[in-house]
Amino acid sequence: KHTHEVNCIISASAAGYYPSSKDKVYTEDDAPGSDFMSVVCQKWEKEAQNFETLGIRTVRARIGIVLSDEDGALPAMAKPVRYGLGAALGDGKQLMSLIHINDLARLFLHSLLTDNMTGAYNFVGPQTTTNKDLTQAIAKTLGRPLVVPPVPAFALKMVLGEMAEVVLRSNGLSN
């Protein structure tokens, strides 16, 4: 009932929208998962879609793991590698869809400026990697060997509890 100048909403969701799978790379057309993370993402996106009923263009961004030198996942993953304690998590075969923070910012801007862009989009880079391959790439970049064996899933669950599901989750997305 009120006039406004908002013509686009970008809802930030996560790759966790999809089921965890070490075999499948998901597109925006694939069905969501049924675990806790997937359900949270679905509920978030459903609320964002309410803006469409107001005539506001809505973009639902399903974001992969955001990489930055300064904060977030990359420094956290690099820290144990830097100290000689780096290792793949679980079996290391978890698919990981990554995006650099600068590319993510460009996608947000593109979403705002592209009038026909609406609906769900996977905001990820062009390639999916595995936890093991990413850990090896970090070690190579830092010039550090990986001498610690992979951290078993049960050990991660003992230390991290339910949060272990986040680091053991496998979500490969195509953009």
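In the predicted model, Val59 has Gly119 of β6 as its bridge partner. Strand β3, residues 57-63, runs parallel to β6, and 5 bridges join the two. Helix α1, formed by residues 36-49, packs on the sheet and touches β1 and β3. The direction of α1 makes about 175° with that of β1. Helix α3 covers residues 101-113 and also packs on the sheet. Its contacts reach β1, β3 and β6. Relative to the direction of β3, that of α3 lies at about 165°.

The sheet itself is open and consists of 3 strands. Their order is β1-β3-β6, with parallel pairing. The edges are β1 (8-14) and β6 (119-123), each of which pairs on one side only. On average, neighbouring strands are turned by 25° against each other, direction ignored.

The protein chain holds 6 helices and 8 strands. From the N terminus on, these elements follow the order β-β-α-β-β-α-β-α-β-β-α-α-α-β. The C-alpha trace spans about 60 × 30 × 25 Å along its principal axes. Among contacts with a separation of 6 or more, 81% link residues 24 or more positions apart.

Of the 175 residues in the protein chain, 38% are buried. Charged side chains number 17 positive and 18 negative. The centres of these two sets lie 5 Å apart.

Conventions
Residues are numbered from 1 along each chain as its sequence is written. This is a predicted model: local features need pLDDT of at least 70, side-chain atom pairs count only at pLDDT 80 or more; totals for chains, interfaces and linings use all residues. Side-chain values use heavy atoms; hydrogens and water are left out. Two strands pair if DSSP finds at least two bridges between them. Helices (H or I, at least four residues) and strands (E, at least two) are DSSP runs, numbered from the N terminus. Axes are lines fitted to C-alpha atoms, for helices over the stretch in contact, and angles run from 0 to 180 degrees between N-to-C directions. Contact means heavy atoms within 4.5 Å. Buried means under 20% relative accessible area, exposed over 50%, partly exposed in between (1.4 Å probe, protein chains only). Lys and Arg count as positive and Asp and Glu as negative; His and the chain ends are not counted. The place of a charge is taken as NZ of Lys, CZ of Arg, CG of Asp or CD of Glu.
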